[in-house]
Amino acid sequence: MCGIVGYVGTQQAAPILLEGLSRLEYRGYDSAGVCVEQNGVLKVEKAKGRLQNLIAKTENGALLPGTLGIGHTRWATHGEPNDTNSHPHVSQNGKIAVVHNGIIENYLELREFLQQKGVQFASQTDTEVVAQLMEYCMGLPEVETVSDALYMVLHRIEGAYALGILCSDDPDHVYAARKDAPLLIGFGEGENFIASDVTALVKYTRDVVYMDDGEVAVLGRDGVQVYNAMELPIEKEHHHIDWEISAAEKGGYEHFMLKEIMEEPEALRRAILPRIKDGAVVFDGLMLDSSCYDCIKIIACGSSYHVGMVGKYNLEKLTRMPVEVILASEFRYCSPIVNERTLAIIISQSGETLDTMAALREAKSLGARILSIVNVVGSSIARESDDVLYTWAGPEIAVATTKAYSTQMAVLDLLAVYLAAQRNTISAEEANRLTAAIAALPAQVEQILSSREQIQYYASQYFNHDSVFFIGRNLDYALGMEGSLKLKEISYIHSEAYASGELKHGTISLIEPGTLVIALGTYGPLFDKAMSNVIEVKARGASVLALTTENRREALSSRVDGILTIPETELPLLPLLGVVPLQLFAYYVALQRGCDIDKPRNLAKSVPAGVFYGSTRFRLPGRIRFSLRMLSECGMMKKTEKGVFL
Ligand code: M6R
């Protein structure tokens, strides 16, 4: 996913932009670029591949003097990753530079329109249309300011965007606009910033404002003004970032992923302990009367969806409410049965995942109450939810989620106990027991981490397998889904997870001598059944690495090739402990295979704006109504079957 940084101040902009971009590398990208204003001229440098190439090319920014600039890491969508298609894009006369996250959906139509006006395009990107359209609008007789032109452009483009814009005719300001793609403003002393992610700014400021859809910001050295879609100045709530920059650095670890796994006990403490008072679960500020809801829909993508799978088992068992877990990417297309008696639980680390956001809006429009479990404070999903339970895991940089997954699950476990106690579907004694067991989880995760050498040993035994199957039943099946995803995403080993009972319905034909099967047998009530599946695959020559609880080690030892164990805990909490060895196993396997662990190929940390969702346009800004006539005259008015509209 692309990253944006912008700076206006008194320091040299380029080194700050490059530093900010380096903090956004984890989001995934394939080229990078910066633009700095110098004596009324916009100077651009770009480089394909790693940011380091751009740093070398600009001598860490020294070759680009100037105190106003924008930078970008690009994840190619329209046009291959190369220097031409990288951002910033500059308009034909060189006076406008644009960085953009998202997709301009109607770019072909606008490109054609501009080409008819004689504009020559340098790249194949949708973003260049924004730069060229800005230049075109700046040239219209009735446009007086950069803001006028910007609103006109925003009014005409369709799709999703976070934009950072420079205009050499206005060398004291950075312009920013947002719709369906994250963008925030950082406030400093005599300097101000924009970024798509707070990690890019936290070295310079902790005072931030999150932009909302339809807003435009004009950043100068002495201040920032934010405007709404009606072009009216507005006051925004400031947020203080309270985590340290070290939280977004490797801190001596070889990879962010390992660091973040090692941070799980601390992250879990932050997620759990403030929510337990006098032995009971409390969610400050949450006014949720579960008797108002007939069912729960859990909606999420990827690992967050796997948390939801565990949540389904636990919430149904404890609260006796029907729970459906739905992939966010499917939600809009499956005619979901949702109404005002539906509680929708949205799970997302980033709080920006496009499909999850779209599903949230769909569920909301159908009347559901939206409760989100989110890590990134102030993210779009958090802001559009009726209630938010933050996971407080701290910044997660590695693409493969680890501590965010564990804390999401801890919060969902707490919620299950909270709702069950509210509904009297568990006894007070059971609620107390579960709550105490949740409070004990951080220390138990510490215990698992302390024996990671054993997991590393098994990784060294099995790292060269081409294909791995995770099997398990009930909670172990949900756990296997996450173990399998972790392994495949960072080690590139083909891996699949099956409910063990499904093996005999087809998959067992793939088991042959030497196939690695990771048998998950942590869930006591189904341990014997798990054993019978182990026997089945062993009989066909599979190598079996088992995961179980400590007191079952003996029962397994003679039947499998390797055993990993986790401490005993209450049944619903087993996946939270079980995932830790699987995360470590995936990490060490990928390490053995020499993979780019923190930035696996083809993957981005967050998957926001890619295709459009929601309403396509701004409402017409009041102060530029004149643009109606002008747009019509210059052929930029859009015509539809129902007439002309903006
Ligand atoms: O930020 P989100 O939780 O909404 O992201 C959802 C998935 O993209 C994410 O969980 C992904 O599957 C993980 N990076 C896998 O480790």
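Both faces of β20 are covered, with Thr342, Ala344, Ile346 and Ser348 buried on one side and Leu343, Ile345 and Ile347 buried on the other; buried here means under 20% relative accessible area, exposed over 50% and partly exposed in between, with a 1.4 Å probe and protein chains only. The model is a predicted one, in which local features need pLDDT of at least 70 and side-chain atom pairs count only at pLDDT 80 or more, while totals for chains, interfaces and linings use all residues. Residues are numbered from 1 along each chain as its sequence is written, and side-chain values use heavy atoms, with hydrogens and water left out.

**The ligand and its shell**

- The ligand is surrounded by 14 residues, of which the closest are Ser304, Ser348, Ser350, Thr353 and Glu489; a residue is near a molecule if one of its heavy atoms lies within 4 Å of it.
- By residue class the shell divides into 4 nonpolar, 8 polar and 2 charged, with Ala, Val, Leu, Ile, Met, Phe, Trp, Tyr, Cys and Pro counted as nonpolar, Asp, Glu, Lys and Arg as charged, and the others, Gly among them, as polar.
- Helices α8 (302-319) and α15 (475-491) each supply at least two residues of this shell.
- Oxygen atoms of the ligand lie 2.7 Å from a polar side-chain atom of Ser350, 2.9 Å from a polar backbone atom of Thr401 and 2.9 Å from a polar side-chain atom of Lys486.
- Taken alone the ligand exposes 410 Å², and the protein buries 90% of that, with accessible areas taken from the Shrake-Rupley method with a 1.4 Å probe.

**Two buried residues**

- Lys297 is placed in strand β18, and it counts as buried because its relative accessibility is 8%.
- The side chain of Lys297 makes a polar contact of 2.7 Å with the side chain of Glu324, and it reaches the backbone oxygen of Ile337 at 3.5 Å; a polar contact is a pair of N or O atoms within 3.5 Å, and within protein one must be able to donate a hydrogen and the other to accept it, while residues adjacent in sequence count only if both atoms are side-chain atoms.
- Ile493 lies in the loop between α15 and β24 (494-499), and its relative accessibility of 3% is why it counts as buried.
- The C-alpha atoms of Ile493 and Val468 are separated by 7.3 Å, although the two residues are 25 apart along the chain.

**The open sheet**

- An open sheet of 8 strands has the order β3-β2-β4-β1-β10-β9-β11-β15, with antiparallel pairing.
- Because β3 (41-48) and β15 (239-240) stand at the edges with a single partner strand each, one side of each is left without a neighbour in the sheet.
- Strand β11 (residues 207-210) runs antiparallel to β15 and is joined to it by 2 bridges, with Val208 opposite His239.

Terms used
Helices (H or I, at least four residues) and strands (E, at least two) are DSSP runs, numbered from the N terminus. Two strands pair if DSSP finds at least two bridges between them.
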